[in-house]
Amino acid sequence: ANFRGPGHCDEMTILIRFALAVAFFALFFSFFGFLPCFRFLLHQPSVRLIHQVMRYYHQAARPPNLVYVTDGGVQDCTGIMQLLRRRRTLILLVLAADDPDD
């Protein structure tokens, strides 16, 4: 058997707590992505997903360095409805579709 002794569980507990603390602080500081020192956190897919789930929207004088782009799916293939629901003041639509009903 691979028995490492009674301290092995303590080492793993410390490692897991450290990993959870790093993940928590990375998520916390990702909401300060407008600061240059934390901008790299916004490029993490898991952080972007959590921001989308929490409906976090960047509101500042300067635009964010990443922009979430979506098509509306079945209801609206342009994505305008989502932007109107979010009450965006500036909407830029670039439509290169051949559908005359859009």
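**A note on the phenylalanine cluster and its surroundings**

1. Phe24, Phe25, Phe28, Phe29, Phe32 and Phe38 are joined into a cluster by ring pairs. Two rings of Phe, Tyr or Trp (for Trp, the six-membered ring) count as a pair if their centres lie within 6.5 Å; planes under 30 degrees apart are stacked, those over 60 are edge-to-face, and the rest are tilted.

2. A word on the basis of this note: the model is predicted, local features need pLDDT of at least 70, side-chain atom pairs count only at pLDDT 80 or more, and totals for chains, interfaces and linings use all residues. Numbering starts from 1 along each chain as its sequence is written, and side-chain values use heavy atoms, with hydrogens and water left out.

3. For the overall fold, the chain has three helices and zero strands, in the order α-α-α from the N terminus. Helices here are DSSP runs of H or I with at least four residues, strands are runs of E with at least two, and both are numbered from the N terminus. Of the contacts between residues at least 6 apart in sequence, 17% join residues at least 24 apart; a contact means heavy atoms within 4.5 Å.

4. How much of the chain is buried? Buried residues account for 10% of its 102 residues, where buried means under 20% relative accessible area, exposed means over 50%, and partly exposed is in between (1.4 Å probe, protein chains only). The accessible surface is about 9,100 Å², and carbon and sulfur atoms hold 63% of that. Areas come from the Shrake-Rupley method with a 1.4 Å probe, and for residues only the protein chains shown count as cover.

5. Back to the rings: the whole structure has six aromatic pairs. Phe28 and Phe29 form an edge-to-face pair, with 5.2 Å from centre to centre and 75° between the planes. Phe28 is partly exposed because its relative accessibility is 40%, and Phe29 is partly exposed because its relative accessible area is 29%.

6. I would also look at the surface here. Phe24, Phe25, Phe28, Phe32, Phe34 and Leu35 make up a nonpolar patch with about 580 Å² of accessible area together. Patches take residues with over 30% relative accessible area and no salt bridge, joining like charges within 9 Å and nonpolar side chains (Val, Leu, Ile, Met, Phe, Trp, Tyr) within 5 Å; a salt bridge is a side-chain nitrogen of Lys or Arg within 4 Å of a carboxyl oxygen of Asp or Glu. Phe24 sits in helix α1, residues 7–30.

7. Ala26 is also found in helix α1, and its relative accessible area of 25% makes it partly exposed. Its C-alpha atom is 8.9 Å from that of Phe38, twelve residues apart along the chain.

8. Is His51 buried or exposed? His51 is buried, with a relative accessible area of 8%. This residue belongs to helix α2 (residues 45–53) and, leaving aside residues up to four places away in sequence, touches Ser30, Phe31, Leu42 and Tyr56.

9. Finally, the cysteines. The whole structure contains zero disulfides, a disulfide being a pair of cysteine sulfur atoms within 2.5 Å. Cys9 is exposed at 54% relative accessibility, and Cys37 is exposed with a relative accessible area of 52%.
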